[in-house]
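Here is a short briefing on one structure. Keep the sequence and the 3D view side by side as you read.

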Amino acid sequence: MHDFTYRLPQQRTVRTSLPGPRSSALSERREAVVARALSPGLPGFVVDADGGVLVDADGNSFIDFASGIAVTSVGASNKKVAKAVSESVTHFTHTSFMVSPYESYVAVCEKLAELTPGDHPKKSVLLNSGAEAVENAVKIARAHTGKNAVVVFDHGYHGRTNLTMAMTAKNKPYKTGFGPFAAEVYRAPMSYPLRDGLDGETAAARATKMMEQEIGTENLACVVIEPIQGEGGFIEPARGFLPALQAWCQENNVVFVADEIQAGFCRTGRWFACEEEQVVPDLVTMAKGIAGGLPLSAVTGRAEMMDAPVVGGLGGTYGGNPIACDAALAAISEMEEHDLAGRAREMEAIIREILEPLTELDTVAEVRGRGAMVALELVTAEGQPNGALTSEVAAACKQQGILILSCGLDGNVIRLLPSLVISEALLREGLDILATEIRSRS
Ligand code: PMP
């Protein structure tokens with residue numbers, strides 16, 4: 001696997017106890033003025049980041065296996081992105097595309113039409129956050145079909161706004177105390193091979209039966225699914241599940257929405273995760289990796305569906321900010337130039353080489369995922385979800401200078417989301433330490 005040239009030394013260095021004195025002082029300031037609902041995982045305040053490292057205020061350099069939750073795929077200070085942003089900001093920072101249009105917005109939409117699956121005519125709308133993209137996909141599906149109901153899946157995550165909270169499965173911490181939630185959102189059973197043992201077609205038949213019996217296709221506007229679930233535990237449905245669902249949607253005038261917010265943009269070794277089974281969604285929601293860290297999200301889909309909402313029906317003050325659009329064009333060109341989808345596949349081979357032997361342990365039920373979106377599900381000796389072990393391992397890794405996130409309804413899944421430009425040495429070092437931490441507790 002080839003490495004890149006980096007601005008910062010690509011090494012793990014823990015110089016102080018964690019958190020160090022400067023970060024501790026910043027934490028005190030944070031506690032005084034930042035709502036406690038925001039509780040950062042890293043025991044350090046970041047002052048610099050590049051390639052696969054995060055450097056904190058005390059000079060500690062962490063291996064970053066989180067990438068700002070799958071955002072900085074091209075690196076957190078990618079040169080091309082930084083140059084595009086600096087250049088862009090000298091011209092204009094904002095106009096609101098709805099008021100005064102600019103070229104970069106159109107150029108991003110052209111690129112999305114080219115990159116997303118399918119060769120049908122496509123159009124896009126650009127927004128700020130993932131949740132906003134999901135909300136807009138639902139609006140578009142409702143406007144197109146004239147129907148209301150929305151289907152999502154067990155374990156799914158789609159955001160924290162009112163509609164997307166309803167669409168998100170996990171109660172604590174995402175929904176607790178925040179109801180009432182939006183109506184007409186229904187949850188169908190997901191394909192979860194480790195737990196249900198069903199093949200893809202059978203799991204899809206179970207889900208579509210539920211939709212027919214409990215909702216009715218005459219009421220159903222869209223099915224929204226993450227091709228590989230992110231926050232829900234990196235759950236990869238059995239092969240055949242997504243194509244069967246998509247075919248059923250097509251037969252029943254139901255819009256099939258792939259939420260590629262976490263899995264998209266080369267993360268899984270392809271531009272989009274649903275390409276693995278040649279699934280062509282009607283609408284795709286994107287965010288995170290799209291713009292090298294700048295806030296940008298998008299819905300891209302069949303032109304006739306995207307044009308269903310009335311003129312003026314979609315938008316927002318900031319959606320498709322010009323700096324974010326220029327950053328997206330730069331980030332996408334980095335992905336193309338360096339074949340980061342290919343690099344993600346190479347990363348998967350290394351991740352599996354180091355982590356798969358752990359499945360011999362009783363505590364590791366499975367290594368799953370694709371590309372640079374791979375997770376380990378940890379269990380007790382009785383095979384039950386082991387959230388306590390997961391937290392312990394993640395905490396031990398942090399103390400050694402590796403930022404690792406967990407996920408899953410039971411918090412028992414360790415997920416890896418390294419930058420797609422991390423050096424091979426750093427990737428191996430972080431994985432070796434993770435493996436050692438798991439072994440020493442098993
Ligand atoms: N959908 C998926 C699949 C996600 O992973 C996320 C974020 N984790 C969202 C939607 C929401 O994105 P945001 O946090 O940008 O609103």
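In this predicted model, a polar side-chain atom of Lys-288 lies 3.1 Å from a nitrogen atom of the ligand. That is a polar contact, a pair of N or O atoms within 3.5 Å; within protein, one must be able to donate a hydrogen and the other to accept it, and residues adjacent in sequence count only if both atoms are side-chain atoms. Taken alone, the ligand exposes 390 Å², and the protein buries 83% of that. Such accessible areas come from the Shrake-Rupley method with a 1.4 Å probe; for residues, only the protein chains shown count as cover.

Residues are numbered from 1 along each chain as its sequence is written, and side-chain values use heavy atoms, with hydrogens and water left out. Because the model is predicted, local features need pLDDT of at least 70, and side-chain atom pairs count only at pLDDT 80 or more, while totals for chains, interfaces and linings use all residues.

**Around the ligand**

- The residues surrounding the ligand include Ser-129, Tyr-157, His-158, Asp-259 and Gln-262. A residue counts as near if one of its heavy atoms lies within 4 Å.
- This shell divides into three nonpolar, five polar and four charged residues. Ala, Val, Leu, Ile, Met, Phe, Trp, Tyr, Cys and Pro count as nonpolar, Asp, Glu, Lys and Arg as charged, and the others, Gly among them, as polar.
- A backbone N or O atom of Ala-131 lies 2.8 Å from an oxygen atom of the ligand.
- An N or O atom in the side chain of Glu-231 is 3.2 Å from a nitrogen atom of the ligand.

**Salt bridges**

- The structure holds 26 salt bridges. In each, a side-chain nitrogen of Lys or Arg is within 4 Å of a carboxyl oxygen of Asp or Glu.
- One of them joins the side chains of Glu-377 and Arg-195, at 2.3 Å from N to O. Glu-377 is in strand β12 (residues 373-378) and Arg-195 in helix α7 (residues 193-196), 182 residues apart. Helices (H or I, at least four residues) and strands (E, at least two) are DSSP runs, numbered from the N terminus.
- Glu-377 is buried, with a relative accessible area of 1%, whereas Arg-195 is partly exposed at 39%. Buried means under 20%, exposed over 50%, and partly exposed in between (1.4 Å probe, protein chains only).
- Glu-276 pairs with Arg-270 at 2.8 Å, N to O. Glu-276 also forms a salt bridge with Arg-370, with the closest N and O atoms 3.5 Å apart.
- Arg-370 lies in strand β11 and Glu-276 in the loop between β8 (255-259) and β9 (283-286), so this pair ties together parts 94 residues apart in sequence.
- Glu-236, Arg-239, Arg-270, Glu-276 and Arg-370 are linked in a network of salt bridges.

**Buried polar side chains**

- Arg-368 is found in strand β11 (residues 364-370). Arg-368 is buried, at 5% relative accessible area.
- The side chain of Arg-368 makes polar contacts with the side chains of Glu-366 (2.7 Å) and Glu-377 (2.8 Å).
- Thr-116 sits in the loop between α4 (103-115) and β4 (122-127). Thr-116 counts as buried at 3% relative accessibility.
- A polar side-chain atom of Thr-116 lies 2.7 Å from the backbone oxygen of Leu-112.
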